[in-house]
Amino acid sequence: MKRLRELLGTAPSFLWLTAFVLLPVIMIFAIAFKPTLPGGEVGEGWSLDAVKALLDPSYPILLWRTVWVSAVVTALCVAVSLPVAYAMARLSSAWRSRVLLLVIVPFWTNFVIRVFAWQQVLHAQGWLADGLRSIGFLGENDRLLGNAFAVVLVSVYTYLPFGILPLFAAAEKFDFALLDAARDLGAKAFRTFTSVFIPGIRQGIITAIVVIFIPMLGSYVVPDMVGGADSQMIGNKIAQRNFSDRNLPQAAALSAALTLLVMVPMALKRKGERA
Amino acid sequence: MSGHLIFENVTRRFGSFTAVSDVTLEIRRGESFSLLGPSGCGKTTLLRMAAGFDTPDKGRILLNGKDITTLPPDKRPVNTVFQNYALFPHLSVRDNIAFGPKIARRAKAEITREVDRMLELVDLASHADKKPAQLSGGQKQRVAIARALVNKPEVLLLDEPLAALDLKLRQRLLVELDAIHDEVGITFVYVTHDQSEAMSFSDRIAVMNKGGIEQIGLPAEIYETPRSSFVAAFIGDTNFIDGRITEAIDGRFSRCEVDGLGAITIDNDKPVKPGDKVHLSIRPEKLVVSRGEPAAAPTQNAVSGIVEDVIYFGSHTRYWVRCGEWRLCAEVQHRTFLLDETPPTWGDTVWLRWQANDGFLLDQYRAEDEELLTLPEE
């Protein structure tokens, strides 16, 4: 009886996840094993063509770039969020909610518009490029736009709130008397931060890494709009296979490979939560 | 001055609030010293300034004659036991205790040896690998003490270390703490709002009120010879009686007229002359309760009244007795089997008597301090 009630209670979320997560993922995995028709439709029967196409020699470079760009963006976001979260947690509650609002406000503007804004800021004839060139920080032929630097910068900008919010949530619950205790036991301020504060908000850091790193792996809009030919990521290749090449099975095979890739940090998070 | 830890004219303000006001205090090497007072009296601020978490606006703090006023906490040979223990939740008991020695970059073998010694001292060797969350309150407390003592501080600061524990455990840890103090022999500065903790644990006590020190002395001095009504009322319970000196009997005793009670004999604890207004504090246990009128004696006072309230505590009973305009509290210790007796009860007429030198003349009286007494509602 109790078991039945538990099942009924979790049924809605179970059905939701089945319908909108599990089934689509199964479909993507299934389409990866289908043949392609010349017109772009998915054919009848089964084929390993799309999966074999994953051996394309350009993919490992793409995959490697996707992983390191995501890792760099995640690391930068966490690095910037740590002191921000620390400072926010120490504010009075009135100031805290004001600063929190400032962190959230950018969400009220459409994401694509914000990336467009960055395009203008980083434009070769924009004020930033002109300014940097005039003080010699930027060479005549150097570009701020259309490279991995632009992708990382704009991605960090985009994902920063996803770093700040979980870290702040963890820092808010942190017992700041522990920092006094560490200082009292002889630790300098920096040591106190690294060996007491950071372990103390470990759960928040893991959450931040997961919610930044995983969507970053599937990044598409940012590299498309501010990146160049040598800063494309897997997401751009999936889009290309789908929209230009009209090869849905190959797009599905790449997506499936990405999904498997995402499982790794997920498994890490679960392991971290259990420890 | 020759003290170990010295506060010299220390003042600390937070905005318009003066937390500590011109405090001068000398704590001797090796003694266990208590800062006792109600919340907001400045005792914790004083402790935080000794630890280095706060800096005085005025005045100096000296350790071994060296000025440490602006030294950061990690540079002071002083360690703190925090109110809520502040154990590092991500570290085991062993690693919590090893935190200080590791920062000091002591040799690995030495750290292990010292931590083991500390675990032995606080009797937690079998819990060394547990995380703080797996410990009881009393065990956490002992880890906090070990974590501080392993650094061999010159002074151990304890900030209400037992406040979060229940009464029985508090009493037991107090005995343990006293034993640890005897064993390590360093200076302990103990902050508490609980007078019984301070009385039982300390060599000397400073009673604080509103940022200042009301009185410093041995526990018995503080209790028996309170300088102010605040000290008298904060440490235990007392009866305040005010009157006017009418005549000097001899160098030691005077007659004092108390409105609504009559003339009593008092001990001249301070120089008084006829006409002076005086405030007397008499502890409840100094008042002897009897049914019959006691025989007159030259330096003894006796008044009669009606029992208005009786509160039984097991080892003793408290009587509130209406004597004219006064309501006096008397405490009777039960030295014999109580059920064989018929002690006075509500409405009974009883006599209260006390020796003239059992009362104490206060230097300073403030009516608001009467609020601190555990007087039942009229």
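Predicted model: local features only at pLDDT ≥ 70, side-chain atom pairs only at ≥ 80, totals over all residues.
Residues are numbered from 1 along each chain as its sequence is written, and chains are lettered from A and ligands numbered from 1 in the order in which they are written.

Chain B holds 8 helices and 20 strands, where helices (H or I, at least four residues) and strands (E, at least two) are DSSP runs numbered from the N terminus. Of the 378 residues of chain B, 40% count as buried, meaning that 20 or more other C-beta atoms, placed from the backbone, lie within 10 Å of the residue's own. Among contacts in chain B between residues at least 6 apart in sequence, 66% join residues at least 24 apart; two residues are in contact if their C-beta atoms, placed from the backbone, lie within 7 Å.

Six strands, in the order β6-β7-β8-β3-β9-β10, form an open sheet with mixed pairing, two strands being paired if DSSP finds at least two bridges between them. Strands of a sheet pair through backbone hydrogen bonds, either parallel or antiparallel. The edges of this sheet are β6 (78-81) and β10 (212-217) of chain B, each pairing on one side only. From one strand to the next the twist averages 20 degrees. Strand β9 (residues 204-209) of chain B runs antiparallel to β10(B) and is joined to it by 5 bridges; Val207(B) has Gln215(B) in β10(B) as its bridge partner. Helix α4 (residues 137-149) of chain B packs on the sheet, where it touches β6 and β7 (155-159), and its direction makes about 175 degrees with that of β6(B). Axes here are lines fitted to C-alpha atoms, for helices over the stretch in contact, and angles run from 0 to 180 degrees between N-to-C directions.

Helix α4(B) also has a helical neighbour. The axes of α2 (residues 93-103) of chain B and α4(B) come within 7 Å and cross at roughly 30 degrees, which makes the two helices roughly parallel (angles under 35 degrees count as such). On the α2(B) side the contact is made by Val93(B), Asn96(B), Ile97(B), Phe99(B) and Gly100(B), and on the α4(B) side by Val143(B), Ala146(B) and Arg147(B). By class, this contact of α2(B) with α4(B) has 5 nonpolar, 2 polar and 1 charged residues; Ala, Val, Leu, Ile, Met, Phe, Trp, Tyr, Cys and Pro count as nonpolar, Asp, Glu, Lys and Arg as charged, and the others, Gly among them, as polar.

In chain A, helices α7 (residues 148-173) and α10 (residues 202-217) pack at an angle of about 160 degrees, with their axes 8 Å apart. They are therefore roughly antiparallel, a label for angles over 145 degrees. Among the residues making this contact are Tyr159(A) and Phe162(A) of α7(A) and Val211(A) and Ile212(A) of α10(A). The contact of α7(A) with α10(A) has 12 nonpolar, 5 polar and no charged residues.

Note on methods. Parallel < 35°, antiparallel > 145°, perpendicular 65-115°, else oblique. Buried ≥ 20, exposed ≤ 12 C-beta atoms within 10 Å, placed from the backbone.
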